[in-house]
Amino acid sequence: MSSSRAEPFDAISVISTKRDRGRIPDEQIDWVIDAYTRGVVADEQMSALAMAILLNGMAPDELARWTRAMIASGERLDLSGVRRPTTDKHSTGGVGDKITLPLAPLVAALGAAVPQLSGRGLGHTGGTLDKLESIPGWRANLSNAEFVAQLNSVGAVICAAGDELAPADRKLYALRDVTGTVEAIPLIASSIMSKKIAEGSAALVLDVKVGTGAFMKTPEDARRLAETMVELGTAAGTHTVALLTDMNTPLGLTAGNALEVAEAVEVLAGGGPPDVVELTVALAAEMLAGAGIPDADPAAALADGRAMDVWRAMIAAQGGDPDAALPVARDKHVLTAPATGVLTRLDAYAVGVAAWRLGAGRARKEDPVSAGAGVVLLAKPGEQVRAGQPLMELHADDPDRFARALEALDGGFDIGEQAGWSTPPLVIERVSA
Ligand code: URA
């Protein structure tokens, strides 16, 4: 929608400055984000600017101003009515990444409040809301008043972000998606941090994924993204740290909505795959330290059922039945090991694409997802397997989906001879201000 007010700047000058590797002046940054949100700057102009930023980067203070302008495009949540210290986590997205599900109730069980605004999945990585929506009755949309009330009563909320939170990012992210400009580090960092800072949590832990199943394929790029986001968060007054964590192989043994909820419940019951437990505990310790509760013992709260109690209350508060049976896909296909040896590689991207093709993910944001679809891993890297032994189960409502999922998995794992194979570290590095 165009406006009749006189505009103080024009988009072509802003684009030309960045095209010529200049620094965009503060007032022009504020204007271009606001004018784009109002529809005065056109999509094709913002595309050109996004591409110029991808190619030429942004200075740190320029990016801080850009992020501030994105936050100012919408409302900032007011958490002043929350009586506990607030702390949140954001993951840059991976395969089998269900960590938010046990993590939020765990951290709440130890005295902090976790205000987690989440999204739905697009592409090969799943979305937390899609996972929780596989629980019968659970609803993702809460009013601001319900959000604050639940933070006080239960201590943890996972719900959908409203349209008022950083609307400039919603528009710009959709544009980047179709113009080859998603991968720009300044644009990823400002996109994530504008939403997280607007959410109003006092502390934030970033789980920056590295590897084949992640946005960032190399530790160098992941470190640059982590440092950029930590700097933005710190400058905005949010206590921010980041962990770089491995995403070359899926987390845990499941990728798919209800399958991942079931695995998260196992972790909350004191069991579950060791890598999911390890990362949940590591991130909980960081979130609690950021909230000023450094001596809490997250592993104990998982083992003794305190986190499970909060999970049940959190699900029930949003209409869900924590005791209801989870949806199960109608068909199953078992993929067997073609050789005997050690499973030396199981590629996260291949498993993510397979789960997506089975129906767990969506290609367009309005597509439905299948709650029961996905992949169950029956072996993880480092384990000995025998030819003919089941390696993975594929779950789908429609058996026609198996062929394309199997294509995605072709070449997605290696079985070798290696003696002395050791699991690479899950937490690679910590980045703080
Ligand atoms: N997630 C976001 O919210 N924004 C990006 O740009 C990339 C991942």
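Which residues does Gly290 touch, not counting residues up to four places away in sequence? Please continue from there to the packing of helix H3 (residues 43–56).

Analyst: The model is predicted, with local features requiring pLDDT of at least 70 and side-chain atom pairs pLDDT 80 or more, while totals for chains, interfaces and linings use all residues. Residues are numbered from 1 along each chain as its sequence is written, and side-chain values use heavy atoms, without hydrogens or water.

Gly290 touches Ala203 and His239, leaving aside residues up to four places away in sequence; contact means heavy atoms within 4.5 Å. Gly290 belongs to helix H12, which covers residues 274–290. Helices are DSSP runs of H or I with at least four residues, strands are runs of E with at least two, and both are numbered from the N terminus. Between Gly290 and Ala112 there are 9.9 Å in space, C-alpha to C-alpha, although the two are 178 residues apart in sequence.

The wider setting is as follows. The protein chain contains 16 helices and 13 strands. Its radius of gyration, taken over C-alpha atoms, is 22 Å, close to the 22 Å given for 433 residues by the globule rule (2.2 Å times the number of residues to the power 0.38), so the chain is as compact as a globular protein of that length. Along the principal axes, the C-alpha atoms of the protein chain fill a box of roughly 70 × 45 × 40 Å. The domain assignment, an automatic or database one, gives domain 1 (11–72), domain 2 (87–324) and domain 3 (331–416). The C-alpha centres of domain 1 and domain 3 are 42 Å apart.

Helix H3 packs against helix H1 (residues 11–19), their axes coming within 9 Å and crossing at roughly 15°. This makes H1 roughly parallel to H3 (an angle under 35 degrees). H1 passes H3 in a left-handed crossing, meaning that the near helix is turned anticlockwise from the far one by less than a right angle. Ala11, Ile12, Val14, Ile15, Lys18 and Arg19 of H1 meet Gln45, Ala48, Leu49, Ala52, Ile53 and Asn56 of H3. This contact has eight nonpolar, two polar and two charged residues.

Helix H2 (residues 26–38) is another partner: its axis and that of H3 come within 10 Å and cross at roughly 140°. H2 also passes H3 in a left-handed crossing. Val32, Ile33 and Tyr36 of H2 contact Asp43, Met46 and Leu49 of H3. Here five residues are nonpolar, none is polar and one is charged.

H3 also packs with helix H8 (residues 167–177) at an angle of about 75°, with the axes 10 Å apart. H3 and H8 are therefore roughly perpendicular (65 to 115 degrees). Asp43, Met46 and Ser47 of H3 contact Lys171, Leu172 and Leu175 of H8. That contact divides into three nonpolar, one polar and two charged residues.

Methods
Axes are lines fitted to C-alpha atoms, for helices over the stretch in contact, and angles run from 0 to 180 degrees between N-to-C directions. Angles under 35 degrees count as roughly parallel, over 145 as roughly antiparallel, 65 to 115 as roughly perpendicular and the rest as oblique. Ala, Val, Leu, Ile, Met, Phe, Trp, Tyr, Cys and Pro count as nonpolar, Asp, Glu, Lys and Arg as charged, and the others, Gly among them, as polar.
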